[in-house]
Amino acid sequence: MDIASSNLDGNADAVEFCPYPTFHNLLAAATYTLHQDGEKLTRSGTISLFSATSSGLQLLHRVHTPGVFDIKWNPCICEANLLAQAGADGFLTLYSLHSTELSLSEFCKEEVSSSMCLSVDWSSSGSLISLGLSDGCVSTSSLREEKLQILQSWKAHEYETWAVSSDICQPDHLLYTGSDDCCFSCWDLRQSPASPVFRNAKSHKMGVCCIAPCPRDSNTLLTGSYDEFVRVWDARSVSRPVVQSSARLGGGVWRLKNHPWIPGLVLAACMHGGFAILKIDGDKIDILETYTKHESLAYGADWQKADGCMEQGSGSSVVATCSFYDSLLRLWKPQSL
């Protein structure tokens with residue numbers, strides 16, 4: 001069921017609901033737009049903060065930035081509720097959420113690389129921020145005394161690093177990465193430079209776009225690929241994970257989001273294939289529902305975080321999705337749930 005929609009001011013590629021109690025109605029949406037003037041290329045972007053309720057979407061604040069490829073909220077509550085941005089200018093930027101006026105302001109930033117930052121992830125402890133870069137490198141940083149400190153950077157892949165994700169059980173020690181070189185890898189961050197725990201170059205037939213550890217099952221990982229498959233990995237053997245099951249979704253699987261409280265329920269953004277709701281149970285993957293009301297590449301997707309979502313206790317699940325060239329943000333409730 002559709003709730004609301006809004007046109008953003010650029011090509012939309014990421015949406016993230018706020019995870020903090022009392023702010024579960026807040027939604028951040030990011031854009032990346034490439035401008036060409038003759039031979040000159042420039043990249044611009046925005047982060048828009050919305051209030052998402054049953055009454056619709058209300059724009060609260062908008063920050064103009066270089067092009068944005070990815071955003072993630074710090075999963076841990078701290079004095080400054082922080083949103084991390086992976087920027088096309090090679091900077092990692094943190095924004096602070098102001099609780100009274102409901103706006104974002106720049107908290108701190110650090111130049112990570114001359115290459116573009118493509119993906120960003122926080123460890124579950126909030127102490128480590130990881131970035132995937134367009135030159136195949138990966139970088140890790142920490143926040144100390146309101147300043148970002150780069151811990152290490154290393155060449156992890158041959159081509160673009162589209163995905164970075166911290167391990168559930170060892171969030172500050174193990175990092176998963178996925179790349180356009182078709183490799184799915186894990187790195188031991190206790191070494192400098194980080195040492196490979198495993199490198200799988202055979203399972204994905206095209207680039208690895210996203211990685212999603214399952215929050216309620218630390219032995220299970222999901223990956224999505226340009227080859228249109230979602231894969232479920234059994235990671236009980238950290239050095240040699242195995243594909244437990246897979247399913248073709250009809251479009252490159254750009255993003256996967258586990259439901260915040262229903263085990264095995266997954267939201268997938270499938271580029272040309274639109275969006276899908278999946279149910280994963282052991283080695284079985286069922287497509288419960290597809291959503292095709294976007295008219296462009298399906299990139300950004302997220303579940304609202306609170307139990308009961310929009311009205312506490314209503315028991316419903318609410319989804320935000322965005323698509324690239326039509327600059328569209330949509331808010332909807334899956335019918336299958």
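Predicted model: local features only at pLDDT ≥ 70, side-chain atom pairs only at ≥ 80, totals over all residues.
Local features are given where pLDDT is at least 70 and side-chain atom pairs at pLDDT 80 or more, while totals for chains, interfaces and linings use all residues. Residues are numbered from 1 along each chain as its sequence is written, and side-chain values rest on heavy atoms, with hydrogens and water left out.

An open sheet is built from four strands in the order β15-β16-β17-β18, with antiparallel pairing. The edges are taken by β15 and β18 (195-200), each of which has a single partner strand, so one side of each lacks a neighbour in the sheet. From one strand to the next, the twist averages 20 degrees; such angles run from 0 to 180 degrees between N-to-C directions, and the axes are lines fitted to C-alpha atoms, for helices over the stretch in contact. Strands are DSSP runs (E, at least two residues), as helices are (H or I, at least four), and both are numbered from the N terminus. Two strands are said to pair if DSSP finds at least two bridges between them.

Within this sheet, strand β17 (residues 184-188) pairs with β18 in the antiparallel sense over five bridges. Cys186 stands opposite Phe198 in β18. The loop between β17 and β18 holds Pro193, and the peptide bond from Ser192 to Pro193 is cis, with omega near 0 degrees.

The term buried means under 20% relative accessible area, exposed means over 50%, and partly exposed lies in between (1.4 Å probe, protein chains only). Leaving aside neighbours within four places in sequence, Ser165 is in contact with Asp121, Leu175, Tyr176, Ile211 and Pro213, where contact means heavy atoms within 4.5 Å.

Backbone angles draw attention to two further loops. Most residues other than glycine have a negative phi, and most peptide bonds are trans. Thr22, although not a glycine, has a positive phi of about 75 degrees. Thr22 lies in the loop between β2 (12-17) and β3 (26-31) and is exposed, with a relative accessible area of 68%. Leu102 also has a positive phi, near 50 degrees; its place is the loop between β9 (91-98) and β10 (103-111). With a relative accessible area of 23%, Leu102 is partly exposed.

The charged side chains form 13 salt bridges, a salt bridge being a side-chain nitrogen of Lys or Arg within 4 Å of a carboxyl oxygen of Asp or Glu. One of them joins Asp2 and Lys293 at 2.6 Å, N to O. Because Asp2 lies in strand β1 (residues 2-7) and Lys293 in the loop between β26 (284-291) and β27 (298-303), this pair ties together parts that are 291 residues apart in sequence. Asp2 is partly exposed at 33% relative accessible area, and Lys293 is partly exposed at 45%.

Another salt bridge links Arg236 to Asp234, with the closest N and O atoms 2.5 Å apart. Arg236 is exposed at 63% relative accessibility, whereas Asp234 is buried at 15%. Lys284 and Asp286 likewise meet in a salt bridge (3.7 Å, N to O). Finally, salt bridges that share partners join Glu16, Lys257, Asp302 and Lys305 into one network.
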